[in-house]
Amino acid sequence: SRDGGKTFERVLFKDADTGAADIVIDPANPDVLYAALWEARQGPWENADFRGPGTGVYKSTDGGTTWRPINNGFPTFEDDRLGRVGLTIAPSDPKRLFATVEAGQKAGLYRSDDAGETWHLINDDPRVTMRASDFAEVKVHPGNPDIVFTGSIVAWKSTDGGRTFSAFRGAPGGDDYHRIWINPRNPDIILMASDQGAVVTLNGGASWSSWFHQAAPPF
């Protein structure tokens, strides 16, 4: 949109089975964008999984007018059933990106240090990026590109650029952490949205509010 959302033009499209699952904007240059397309259909029963070869990551350097694929280093659908990809960019180092990648044996957290031109698998622990078709959530600390968070049935934290992770928030609770927001001005303030509601920490995760205090519709 060029008019504040009154009208939109379609700039990245593959087919009716493929949707745009994620998009991130370079904080240093708003003309640079990254988008993940995901070819998938949900069946009429729980956990039905129909996916296809249309999934991939794309980059624009002209504000979204044109796009090109940047999948060098990712598994493909043909060799490992590539599925949903979640993206994030390190605010303090925009050349560093992370991607949660749903696949077979090559699933995990991928990292790029050259603005998406090449990717490599940085962590293949299945717990860190499990159930990517549900979550695919990854975020980076606004001031430190080595501090990375992912969300699944447990929220995970890395302090070494994604190489290793420890549990950041999990049991007791049984939450499913879908979204993570880090206050860009005060990174000790973090909000996580789960199936049950929202929880907030004001001290970097040392303690959390209860999701019983957050209004959420019943399921």
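Which residues lie nearest the centre of the largest pocket?

The model is predicted, with local features needing pLDDT of at least 70 and side-chain atom pairs counting only at pLDDT 80 or more, while totals for chains, interfaces and linings use all residues. Residues are numbered from 1 along each chain as its sequence is written, and side-chain values use heavy atoms, leaving out hydrogens and water.

1. Let us start with the pocket. Glu9, Val11, Leu12, Gly64 and Trp67 lie nearest the centre of the largest pocket, which 20 residues line. The volume of the largest pocket is about 370 Å³. A pocket is an open set of points on a 1 Å grid over the protein atoms alone, where a 1.4 Å probe fits, with protein on both sides within 12 Å along at least five of seven lines; lining residues have an atom within 4 Å of a point. Volume is the space filled by probe spheres set on the points. Strands are DSSP runs (E, at least two residues), numbered from the N terminus.

2. Which strand gives the most to that lining? β1 does, with five residues. By class, the lining holds nine nonpolar, six polar and five charged residues. In this count Ala, Val, Leu, Ile, Met, Phe, Trp, Tyr, Cys and Pro are nonpolar, Asp, Glu, Lys and Arg are charged, and the others, Gly among them, are polar.

3. Now for the largest nonpolar core, which has 18 residues. Strands β2, β6 (85–89) and β7 (97–101) each supply at least two residues of this core. Tyr34, Phe74, Val85, Leu87, Ala99, Val101 and Trp119 have the most contacts inside the core. A nonpolar core is a set of buried Ala, Val, Leu, Ile, Met, Phe, Trp, Tyr and Cys residues joined through side-chain atoms within 4.5 Å. Buried means under 20% relative accessible area, exposed over 50%, and partly exposed in between (1.4 Å probe, protein chains only).

4. Tyr34 deserves a look of its own. Beyond its neighbours within four places in sequence, its contacts (heavy atoms within 4.5 Å) include Asp22, Ile23, Val24, Trp67 and Leu87.

5. Is Thr201 buried or exposed? Thr201, found in strand β16 (residues 197–201), is buried, with a relative accessible area of 0%. A polar atom of the Thr201 side chain lies 2.9 Å from the backbone nitrogen of Gly205. Leaving out residues up to four places away in sequence, Thr201 touches Asp188, Ile189, Ile190, Ala206, Ser207 and Trp208.

6. Asn123 lies in strand β9 (residues 120–123) and is buried, at 8% relative accessible area. Its side chain reaches the backbone oxygen of Arg163 at 2.9 Å, and a polar atom of the Asn123 side chain lies 2.9 Å from the backbone nitrogen of Asp125.

7. Where does Ser92 lie? Ser92 is in the loop between β6 and β7, and is partly exposed, with a relative accessible area of 36%. Ser92 and Asn144 are 52 residues apart in sequence, yet 6.4 Å apart in space, C-alpha to C-alpha. Not counting residues up to four places away in sequence, Ser92 touches Pro142, Gly143, Asn144 and Pro145.

8. Ser166 belongs to strand β13 (residues 166–169) and is partly exposed, with a relative accessible area of 43%. Leaving aside neighbours within four places in sequence, Ser166 is in contact with Ala155, Trp156 and Lys157.

Note on methods: Helices (H or I, at least four residues) and strands (E, at least two) are DSSP runs, numbered from the N terminus. A polar contact is a pair of N or O atoms within 3.5 Å; within protein, one must be able to donate a hydrogen and the other to accept it, and residues adjacent in sequence count only if both atoms are side-chain atoms.
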